[in-house]
Amino acid sequence: MPVASPEHPSAEELGAFVLGRLADPDDSAVAAHLAGCDSCAERAAGLRPDDTLASLLAAAGTRPDSGLSATPADHASTLGWPGPAPPPAPPGAPVALLDHPRYRLVRELGRGGMGVVWLAEHAVLGRPVAVKVLNPAALARPGAADRFRREARAAAGLHHPNVVAAYSYSRSCYNSPRQDLWRGWAMSGRPTAAQVRAWADEVTAVGDRIGRHFARSEPRARAVGYIRGLLGDADRKNGWQLAEALGDPTPDGVQHLLARADWDADAVRDDLMGYVHEHLGDPAAVLVVDETGFLKKGTKSCGVARQYTGTAGRIENAQVGVFLAYAGPKGHALIDRALYLPKEWTDDRPRCDAAGVPAAVGFATKPRLAERMLARAWARGVTAGWVTGDTVYGHDGAFRRFLEGHRQAYLLAVPANQPLFDGEQRSTVKAVAEGFPVAAWERASAGDGSKGPREYDWAVRAFGPVDERGWQLWLVVRRHRDRPDERAYYFARGPAATAPAELVRVAGSRWRVEECLELAKGDCGLDEYEVRSWVGWHRHVTLSLLALAVVAAIRVAAGPSGRPKKGARGWSG
């Protein structure tokens, strides 16, 4: 529907916009016009098409800005249930809203072309609200989600008795880890309310587990609420959003939790390790080390510097954290973290003091940080069959010797120019691989990715004698199926009887840490902190890793999802 006038849209056009039925670019043009035109905003406010929140609420006899009395029992009576306890989920309630941290659904108000409107109670403010949910059919239309967002943004700027003020928008967890839990019931229907409550109880159980590390009950309760908020659907998991999830009027309590409250983040991390190992422990598990960047502005955030980060794929002003993941057949989660401090920081003691860096903390390379995390994991009883990591760790001979000294099997990526003695002369892994015969290569999958099996051509060759422990050194090479010059190289050392398919499986396990980091950033607020200090970084990140671990534990409790098992396949040797 073309917009008739570049100056003022018609009533029909305004109605189509309110209903979300105006196609781009006209939809964007009307939204921009309403933002700067009071007269058209007033005209839009006077429209009451059947699909608007205002008409649905009017038909229900409820206004979202109506007052509520002070007691929880009165709130419950106003919303239609007899006591302070929330009711069972209403029929047809979206799965993504069954355990929403902000809204408790009461009943359906009406349906329209774009979606369904529900009467709900705001869990923090204790007031009735209308929640409009875009239906799946509408969501499937190209650009529908963006138009829905722009509709909400435009409605937020309208103020009129006939228009319900929009004050919040979020993308519910259609692609979050929690939604993935529910896919296991896709063939048999939605999970029951009891199952959803059991999942929520897991956070409470984690809170009970770590509670002894908090000197007072208030920060202990706030930490549990913080984890719940990290698992919620807020657009950003920053101080204000998490404070709202906690029911706090300001983020002061959240800031106190991360900066000044008396609790031991390292002790909580130790409990995190035990929790993950209890739920995911398996002899075939792999410990994966990796680092990720957190892009920052300014110079005050602890450890920030212009440095390379894979997050941006280039040198940027960023903090870099080193992480340890536990990846096993049952699932995967992050179990430890370390903030990397560049030499420009450790050489500047006043700067470190200002950021709260302990005096005993000096410069350490990323492989040294990884060694400390592995040592902590082993000390806590975390066991795994293998350790893997990228070239940052594989190229470091001291790191490989550290693993060998602890009798830990490993498979680590190395650069193409990594030296290797082939039995006759000193060469590089690239040169050695170029001499492999055609028969040395075999196609195999290192596990399933988002687009199906990760299939490559692989070659495995042993080097040197079997040592006194019965261990062997291998060169493992991965080659792209369509671009044979695109290769990755690995050094592996472990029991001589290890099959090539097992080495391929371990190589594929390295992607698990990337999945963990992506989920932690996308759904558990890992990179959305607003702290600058050493203490604040480690506290926020620890609680974010706990949130991710809760998701992993719930997945185990939920049982098989019906997806194929992930692992190497296709190797005949």
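The axes of helix 10 (residues 217-230) and helix 21 come within 9 Å of each other, crossing at roughly 60°. Here an axis is a line fitted to C-alpha atoms, for helices over the stretch in contact, and angles run from 0 to 180 degrees between N-to-C directions. Helices (H or I, at least four residues) and strands (E, at least two) are DSSP runs, numbered from the N terminus.

The model you are looking at is predicted: local features need pLDDT of at least 70, side-chain atom pairs count only at pLDDT 80 or more, and totals for chains, interfaces and linings use all residues. Residues are numbered from 1 along each chain as its sequence is written, and side-chain values use heavy atoms, with hydrogens and water left out.

Which residues of helix 10 and helix 21 meet? From helix 10 come Ala223, Tyr226, Ile227 and Leu230, and from helix 21 come His540, Leu543, Ser544, Leu546 and Ala547, where contact means heavy atoms within 4.5 Å. The residues of this contact divide into seven nonpolar, two polar and no charged.

Rings of Phe, Tyr and Trp (its six-membered ring) pair if their centres lie within 6.5 Å; planes under 30 degrees apart count as stacked, over 60 as edge-to-face and the rest as tilted. The ring centres of Phe323 and Trp537 are 6.4 Å apart with planes at 50°, so this pair is tilted.

Ring pairs join Phe323 and Trp537 with Phe294 and Tyr529 in a cluster. The charged end of Lys521 sits over the ring of Phe294, 5.1 Å from its centre; this calls for NZ of Lys or CZ of Arg within 6 Å of the ring centre and within 35 degrees of the ring normal. Arg478 has its charged end over the ring of Tyr456, 4.6 Å from the centre.

## A buried aspartate

Where is Asp248 found? Asp248 lies in the loop between helix 11 (239-246) and helix 12 (252-259). Asp248 counts as buried because its relative accessible area is 19%. Not counting residues up to four places away in sequence, Asp248 touches Arg222, Ala243 and Gly253. The C-alpha atoms of Asp248 and Arg222 are separated by 9.9 Å.

Methods. Ala, Val, Leu, Ile, Met, Phe, Trp, Tyr, Cys and Pro count as nonpolar, Asp, Glu, Lys and Arg as charged, and the others, Gly among them, as polar. Buried means under 20% relative accessible area, exposed over 50%, partly exposed in between (1.4 Å probe, protein chains only).
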